[in-house]
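Trainee: I have just opened my first structure and would like to walk through it with you. Shall we begin?

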Amino acid sequence: MPDATGLELIAHDLGEQVPGSVTGTEHYRGIATLIVDPGRVVAALRWLRDTPNQAYAFLASLHGSDYLPESPRFGVHYELLNMDRVERLHVKALLEEPGDGELPELDSCVELFPTADFQERELYDMFGIRFRGHPDLRRILMPEEYEGWPQRRDFPVGGEPVLFTHNEHRTPRWYE
Amino acid sequence: MSAEERTIATGVTVEPAQEAPAESEELLTINFGPHHPATHGVLRLLVTLRGEEVLDAHPYIGYVHTGIEKSCEDKSYWKVIPLVERMDYLAYYFNAMAFCMAVERLLDEEVPARAQYLRVIHCELNRIHSHLVWLGTSALDLGAISIFWYCFRERDKVLDLFEYSSGQRMHTRYVQVGGVIEDIPAGWAEKALAFTYEMEERVGQYEAMLDRNEIFLQRTKHVGIVPEQRLLALGVTGPLLRAAGNPWDLRKAAPYSSYDDFDFRIPVGTVGDCYDRYRVRVAEIRESCAIVRQAIEGLPEGPYITTNRKVALPPRHELATSMEALIHHFKLVTEGFRVPPGEAYLPIEGPRGELGCFVVADGSAKPARVHMRDPSFVNLQALREMVVGGYVADMITNLAMLDPILGGIDR
């Protein structure tokens with residue numbers, strides 16, 4: 001992990017090279033977090049990957065979170081890793097909820113990190129975050145015809161009726 | 001029998017394949033799985049074939065998706081542990097450990113040295129267990145049925161050890177936030193030590209059966225090679241990456257828990273084919289035995305769980321005499337402990353690669369988000385590049401050597 005000073009240096013350099021990309025930094029419990037502007041996230045990731053003295057070339061994980069009731073509501077987290085220095089950098093993009101049933105959108109980073117393919121699909125599946133430019137954005141874990149975004153905080157737990165022998169008469173012709 | 005006939009009878013020289021007849025030029029798209037024994041779970045592959053040749057393969061997953069991550073948000077922190085254990089059901093100690101380490105990081109909680117050692121001992125036994133199941137089922141896919149019985153015989157001994165120390169054979173809930181649930185019982189250390197010596201001998205026997213086995217070699221040598229740089233781009237970690245020659249192992253690269261204290265080596269391959277993947281995992285069983293032995297011999301004295309009563313349950317005997325202990329017990333069992341707001345991603349080296357747990361705490365007694373970066377899920381993306389251009393039979397080998405656990409992929 002870069003220390004607090006190192007993180008500020010990265011944020012400063014990144015802010016100079018990709019203007020307006022860094023909106024904040026956070027150093028909590030030894031984890032360095034770089035909060036980036038969602039519109040410039042791919043440019044920021046590209047800079048972090050390709051700049052020789054940064055070289056965060058390995059995307060260890062990509063996941064999402066829902067901070068409801070806070071605003072901006074959604075977080076997309078990129079866990080970058082430099083394998084030579086064994087340094088991890090947590091890059092976070094915060095997305096507003098567009099409202100009107102629209103889905104929040106973000107640029108896809110599959111071009112930069114092919115490993116993001118399945119993970120962006122999982123984010124789309126679970127949170128309904130649409131990744132622009134993803135080659136094959138479909139649901140991955142839930143059935144294709146499923147409606148709703150199950151990992152959102154306002155999506156209730158449970159509620160899926162399970163068919164047993166004792167209640168199959170309540171769903172007539174369930175076998176069709 | 002003439003010399004010519006003998007060559008044909010022993011079948012040593014293989015004629016080059018005939019030009020394929022015109023009708024097999026047709027492409028065939030088939031479903032491989034989800035209910036096929038060689039998919040190691042409910043994995044469905046949509047495979048495009050031209051004769052025996054694989055032209056394309058797309059994995060379809062989600063058949064055992066049970067929404068564990070969603071359920072975790074509805075449970076207090078200590079009740080999440082049994083849930084996350086059920087994700088990758090062959091690496092339950094690792095799942096629980098990744099989750100507990102992330103929560104400990106958010107709580108800023110120290111874990112006593114003895115607890116760290118006990119965790120390492122059980123994790124390494126779990127790694128042996130996971131690799132044994134992998135070896136048994138993979139060799140079974142390649143037609144070596146006896147290995148399966150031998151591996152499951154040894155696996156049962158590991159499960160016996162788990163049962164002895166925690167009461168359950170699988171999904172033991174042994175790792176707790178702040179330490180482990182219980183100290184090891186009397187006589188356990190001797191049994192575990194004896195097991196490591198026996199296991200090393202058994203590994204030698206497996207190798208004697210497989211290493212120079214003509215069928216096994218023909219099925220695995222030079223099969224499924226993907227360049228190291230491409231594996232890194234695809235996010236592949238663990239034995240698959242190490243077989244390609246990259247010695248990346250979090251136990252060495254960024255030692256967590258007490259891995260600093262032990263002397264062990266990281267096996268790496270040279271070619272990156274399926275044979276190397278097999279060799280790396282088998283060598284890892286040996287190294288795990290060495291780690292378990294060192295940890296048991298150097299097991300420090302002291303508490304096995306943190307003494308912070310706000311996080312860990314007080315000892316049972318205190319409840320009869322101490323009002324304070326009773327209150328702590330009541331608070332922990334009913335509400336659980338609260339974790340200050342924050343988020344942490346903690347990776348550990350699971351049997352299949354980097355197993356990371358991402359936890360968001362919102363200040364309440366329940367996590368706002370629990371996510372497992374499961375290595376099987378990410379590694380599965382490399383399958384397509386391993387199998388395209390090969391034969392159907394090689395696809396089985398690749399799938400076996402990839403070692404996907406569908407419980408971890410689908411969560």
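Trainee: Why does Arg173(B) count as partly exposed?

Mentor: This is a predicted model, where local features need pLDDT of at least 70, side-chain atom pairs count only at pLDDT 80 or more, and totals for chains, interfaces and linings use all residues. Residues are numbered from 1 along each chain as its sequence is written, while chains are lettered from A and ligands numbered from 1 in the order in which they are written. A residue is buried if 20 or more other C-beta atoms, placed from the backbone, lie within 10 Å of its own, exposed if 12 or fewer, and partly exposed in between. Arg173(B) is partly exposed because its count of other C-beta atoms within 10 Å is 17.

Trainee: Where does Arg173(B) lie in chain B?

Mentor: Helices (H or I, at least four residues) and strands (E, at least two) are DSSP runs, numbered from the N terminus. In those terms, Arg173(B) belongs to the loop between helix H6 (145-166) and strand E4 (175-176) of chain B.

Trainee: What is phi of Arg29(A)?

Mentor: Look in the loop between strand E1 (22-28) and strand E2 (31-36) of chain A, where Arg29(A) is found. Arg29(A) is not a glycine, yet its phi is positive, at about 55 degrees.

Trainee: Which residue does a cis peptide bond join to Ser71(A)?

Mentor: Go to the loop between E3 and E4 of chain A, where Pro72(A) lies. The cis bond there has an omega of about 0 degrees, and the partner of Ser71(A) is Pro72(A).

Trainee: And what is omega for the peptide bond from Leu68(A) to Pro69(A)?

Mentor: Pro69(A) also sits in a loop, the one between strand E3 (58-66) and strand E4 (74-82) of chain A. The bond from Leu68(A) to Pro69(A) is cis, with omega near 5 degrees.

Trainee: What pattern does chain A follow along the sequence?

Mentor: Its secondary structure comes to three helices and seven strands. Read in sequence order, chain A gives α-β-β-α-β-β-β-β-α-β.

Trainee: How many residues of chain B are in contact with chain A?

Mentor: Two residues are in contact if their C-beta atoms, placed from the backbone, lie within 7 Å. On the chain A side, 25 residues take part; on the chain B side, the number is 33.

Trainee: Which elements give two or more residues to that side of chain B?

Mentor: Several helices and strands of chain B do so, including helix H2 (68-72) and strand E6 (342-350). Also among them are strand E7 (353-361) and helix H4 (92-107).
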